[in-house]
Amino acid sequence: MTVRHRGLAIDWFGYATVRIETPEGFVAYLDPGRYGVLTGEWEPDTPGVGHPPARDYAPRDGDLVCVTHDHHYDSDAVRRVAGEDATLVVYEAVDAANVSRDVEPVEGLPYHVERVGYGDEVAFDGVEVRAIPAYNEPDGPHTREGGEPYHPEGFGCGFVLEIGGATALWPGDSDVLPDQEAVDATLLLPPIGGSFTMDREGAADLAETIAPELVLPIHYNTFAALEADSGAFAADVAGRGIPVVLDER
């Protein structure tokens, strides 16, 4: 289904892929692609939870495409969603050479590319994009066996979008961090899958701190490690007096 917020039309396609459209027709995508969310096909050896919707999605209507880190960089998906004159806002550390999948270099794509680091802002066509820190704490629960965080500081970012009179926060693949808690967001798009990011309890705490007008959880149930009880999350957030919606197909 399409979620409505302050005139925006918001769609979650699965994994971290979100489409936001303003009433004027400006279209932004967050972390498009991977795990069949645009093609309807699972990648090989993916332990799927459920099945993505059957689709071959390639509208090429995006004015803005944001990419947080290597794990979410999918050049084929960018080409599927980006319009001819699109701007790509890509975290500075994203590097095709460090991606084990077959992807094109970011600067080789036929679009205008803006590289951003923590705190950097990009503005165009009435939309503002700001990059904020996103990482797993070294002494937190989301680390590998040797103690290395899945997402160390400097590996990726989150994004704050000022778009169509709303402020959308996509924290990225991250634990709950002070920079997220300081955002005056009207729309919160938290990951709730746990394992590699904040879990549903942490995301509910973040929602309570920010107190947005609407919470739409993403980045869960794509594969086994991201299984989450979205119904329990929604009940938890609603019980704290915060509007919440699930976009589940």
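Strands β2 (8–14) and β3 (17–21) run antiparallel and are joined by 5 bridges; strands count as paired if DSSP finds at least two bridges between them. The model is a predicted one, in which local features need pLDDT of at least 70 and side-chain atom pairs count only at pLDDT 80 or more, while totals for chains, interfaces and linings use all residues. Residues are numbered from 1 along each chain as its sequence is written, and side-chain values use heavy atoms, with hydrogens and water left out. Strands (E, at least two residues) and helices (H or I, at least four) are DSSP runs, numbered from the N terminus.

Alanine 9 stands opposite glutamate 21 in β3. The hairpin of β2 and β3 has 2 residues between the strands, and tyrosine 15 takes a positive phi near 50 degrees there. On β2, 7 of 7 residues are buried, that is, under 20% relative accessible area with a 1.4 Å probe and protein chains only (exposed is over 50%, partly exposed in between).

Aromatic rings of Phe, Tyr and Trp (its six-membered ring) pair if their centres lie within 6.5 Å; planes under 30 degrees apart are stacked, over 60 edge-to-face and the rest tilted. By this rule there are 8 aromatic pairs. Tyrosine 15 and phenylalanine 223 form a tilted pair, 6.4 Å centre to centre with 45 degrees between the planes. These two residues are 208 residues apart, and both are buried. Tyrosine 35 and phenylalanine 223 form another tilted pair, at 5.0 Å and 50 degrees. Tyrosine 35 lies in the loop between β4 (27–30) and β5 (62–67) and phenylalanine 223 in that between β13 and α4, so this pair ties together parts 188 residues apart in sequence.
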